[in-house]
Amino acid sequence: MGIDQVDKGIHILVVDDFSTMRRIVRNLLRELGFSNFDEAEDGVQALQKLHGRPFDFVVSDWNMPNMQGIDLLRAIRSDPQLKHIPVLMVTAEAKRENILEAAQAGVNGYIVKPFTADTLKEKLDSVFKRLQAAQGGQ
Amino acid sequence: MDMEILQDYLPEARELLEKAQDDTLRLESDPNNDEVLASVFRAFHTLKGGAGFLEADHLVSWTHHLEDLLDKLRSHTLVINGSMIDAILRGLDVIDDMLQQLACGENPGPGPEELGQLIQELAAGKRAEGVSVNGPIESDATPSPPPSESMLLVSQRPTVAGEAGLFLERTESASSSETAADEITDAEFEATLDALYGNKAPGVTNASDSEHLNSDEISPEEFEQVLDQMYGKQAPGYEQPALTTPVSAKSTESEQAAAEIAPPTQSVSTTTSPSPEVTNASKVTPPARSAAAAQEAAETTLRVDAARLDAVMNQVGELVLLRNRLSSAIGSLGEENEDMLRIAREVDITVNDIQSTVMRLRMQPCKRLFQQLPRVVRDASRQLGKEVTLEIVGEDVEIDKAVVDALSGPMTHLLRNSLDHGVESPADRQAAGKARSAKIRVAAIHLGDKVRIEVSDDGRGIDSQFVTRKAVDKGVITAEQAARLSEQEAVELIFRPGFSTNDQVTDISGRGVGMDVVKETVRKLRGRLDIETKPGLGTSISMEFPLTMAVLPVLYLRLRREIYALPVSSIESLLDIQENRIHRMSGRSVYRVDGTEVIPMVDLGRLLHDRPLRLGSEPIEGILTERGLIMVSEVLGNEDSVVKPIDFLAEQNWYQGATISGKGNVVLILDAGALANHVIDHGGDSTIINISCKGAA
């Protein structure tokens, strides 16, 4: 169960306005064995990319210009074409109010900066476990 | 520390820092601009995020406090004031220093404690406007209430209508220990997800869609269920309107969206074909178009390591030299070969094209150079109690990156210098019948193959007598030399090393960069520095730089049997020397160019061979440069050359580098300015012996 059963070829969209951060996230995901990435600078661009081709996972920063991570999440969840895509939010701090807001909006998991590959793995693990449980529970 | 990430982080962080500074300055005139506030906030936020991955803990905490302050400003919990802007700007300087340390491979140390404290106190709303750092802090007695802490709890409960619903509870907590109350634990988050979705995952609403997880098919029923579960049938007891409002707003939007979805029969894959959902989604994101344009711009820009660019530059330089040799070799072929000539011509054109393309790669807008200046003017004018408006012209003019990089310190110095020495106090200005507020103008002007950068003020101008006196006092020149100086030469003394009109080095213009450094930088960039001053009216300093540093057009000349080169940019014209125009003036040989212009003569024979050229007994031609008439044996011709630095010469010498001529010989490139200066300093009669003493000193 968990991340070990996830196809490492899944397409992941990394959304952050700071290219260094996109690179960090990509590097860490690569450490975990993932290899298919695309990037977007903000929520607006992310939505364009998400509509351009299918993605299996979104890792998004919270605080971005144009369209915030939480609004991207809401847009994804309210879009029938996209709403199944799991979203992991990257945040600067684990503020209860924010995380609950994200949970309300349909986030699958959150991770607090800075993080290591191990933490990222744990987070992905719980996201996928929940997804697998949902699939298995039918 | 991850070096690879650091390499990405530093340039991006510096860009953010520059933008944050611009934005902060904008806040001064436009304090309620939410967009700008959000942008500054984001800058600190992003800097902090990256710093965390680099384990630069002090940078993280420093940016955190600034972020905290901006967060309060952005949410209008606090209102921005002058002292906050000061603190933010100083905070930015600290970040800049920390980035510098990171660049040197060090983990930054803590920021200055006092400023850190101040920023935290500002963020806590503890310091009122106008209260100085050391003054009494009245507002301390009545601290503004800290933002109320609260807890949110979500649970699944039946609604009044008996339907399943989500219950969101906000409990005010008296606790001010922010971290404990505000942060969520992993277990808590999982519990929240459980409460929200049972054992299901967000976005997956019931068993039937498990098959669809990896497909893009969706049924309207399924979509309705998601909406129901997540937003519909709201639970009672929402005590926090701030949260309910956006949620319910979303829900209506989503319901509308649902209503617009095509009839239930549409269950085919929608991944490839354009579908109504796409238009639906674009309705949710109104700024899509502008962002698309921005994206286009972003993706056509490529970040390239400057070292690679320099390598290309050098290789093009080699190519230019080879081209010169090829032309020369073909020229010396006995017979004319049409084919060869045509090939040589085409090589010539292609090399020129490559050269200009590569040159353009290195061009950057002057905006980067000017960006820091509003801040410089703001800080210095506040510190000196002067009123100044800064006008910047020509931010879009592009110039070689080397110039932009090297000129940043000198530009700052020129402005500080102008503020410190040129601009009068408001009272003095009024007394002189001028506007209280002075004007400083910074302009970049494109002039053919050159770019001119000017810094001018409408201050008091430079008093040449005062400058001369100072220079003698400081031992920069002797009284005897002073007597020989023209007005203009006297004013130019400010560019001499060791000259500073202020007895104590002020904080404003004494940051290690002096006017001599400005001049030296301009010289190294093969530029030309001019100063024009009008007593009582102001001073203008202009610097002219070649558009490119890659190729240097030179004039080859012969001194007896040796070949030298002189940059074409420093040459005004070529002259036949006429004996009746040579005069002796206070021990110097000067040449009367025309009715009015008299300039010093630079005898290359005397300087380089210790044997003056003898008019009448050997051929002599004159090269008129801006600063003097250089006498040589013969002028040969010009060529585009590439400068190779020479590093084994004494610091002070007459060469600015070497090149390889078309014939494949190494040729020294003379520095016209240094030659003329030397003659002005030492007169025409100095012997080679005391020249070399000076050179070694």
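This is a predicted model: local features need pLDDT of at least 70, side-chain atom pairs count only at pLDDT 80 or more; totals for chains, interfaces and linings use all residues.
Leaving aside residues up to four places away in sequence, A:Asp61 touches A:Val15, A:Asp16, A:Asp17, A:Met21, A:Gly69 and A:Val90. A:Asp61 lies in strand 3 of chain A. The UniProt annotation "modified residue: 4-aspartylphosphate" covers A:Asp61, and it comes from an unreviewed entry.

Is A:Asp61 buried or exposed? A:Asp61 has 27 other C-beta atoms within 10 Å. The cut-off for a buried residue is 20 or more. A:Asp61 therefore counts as buried.

Now step back to the whole of chain A. Chain A has five helices and five strands. From the N terminus, its elements run β-α-β-α-β-α-β-α-β-α. Of its 138 residues, 59% are buried. Take the contacts in chain A with a separation of 6 or more: 62% of them join residues 24 or more positions apart.

The five strands form an open sheet. Their order is 2-1-3-4-5, and the pairing is parallel. Strand 2 (36-40) and strand 5 (109-112) of chain A are the edge strands, and each pairs on one side only. From one strand to the next, the twist averages 20 degrees. Strands of a sheet pair through backbone hydrogen bonds, either parallel or antiparallel.

Look at one pair in detail. Strand 1 (residues 11-15) of chain A runs parallel to strand 2 of chain A, and five bridges join them. A:Val14 stands opposite A:Glu39, which is in strand 2 of chain A.

Helix 1 (residues 19-31) of chain A lies across strand 1, strand 2 and strand 3 (57-61) of chain A. Helix 1 runs at about 150 degrees to strand 1 of chain A. Helix 2 (residues 43-52) of chain A also packs on the sheet, touching strand 1, strand 2 and strand 3 of chain A. The direction of helix 2 makes about 165 degrees with that of strand 1 of chain A.

Which residues of helix 1 of chain A are buried? They are A:Thr20, A:Met21, A:Arg22, A:Arg23, A:Ile24, A:Val25, A:Leu28 and A:Leu29. An α-helix has 3.6 residues a turn, so residues three or four places apart point the same way. Just after helix 1 of chain A, A:Gly33 takes a positive phi of about 105 degrees.

Turn to chain B. Its secondary structure comes to 24 helices and 20 strands. Chain B has 697 residues, and 33% of them count as buried. Of the contacts in chain B with a separation of 6 or more, 66% are between residues 24 or more positions apart.

One sheet of chain B is open and has six strands, in the order 12-16-17-15-14-13. Its pairing is mixed. Strand 12 (571-576) and strand 13 (582-585) of chain B stand at the edges. Each has a single partner strand, so one side of each is left without a neighbour in the sheet. On average, neighbouring strands of this sheet are turned by 35 degrees against each other, direction ignored.

Within this chain, strand 14 (residues 588-592) and strand 15 (residues 598-603) of chain B pair in the antiparallel sense, over three bridges. B:Arg592 has B:Val598, in strand 15 of chain B, as its bridge partner.

Definitions and conventions: Residues are numbered from 1 along each chain as its sequence is written. Chains are lettered from A and ligands numbered from 1 in the order in which they are written. Helices (H or I, at least four residues) and strands (E, at least two) are DSSP runs, numbered from the N terminus. A residue is buried if 20 or more other C-beta atoms lie within 10 Å of its own, exposed if 12 or fewer, and partly exposed in between; C-beta atoms are placed from the backbone. Two residues are in contact if their C-beta atoms, placed from the backbone, lie within 7 Å. Two strands pair if DSSP finds at least two bridges between them. Axes are lines fitted to C-alpha atoms, for helices over the stretch in contact, and angles run from 0 to 180 degrees between N-to-C directions. UniProt positions are given in the numbering used here, feature names are shortened, and annotations may be inferred rather than shown by experiment.
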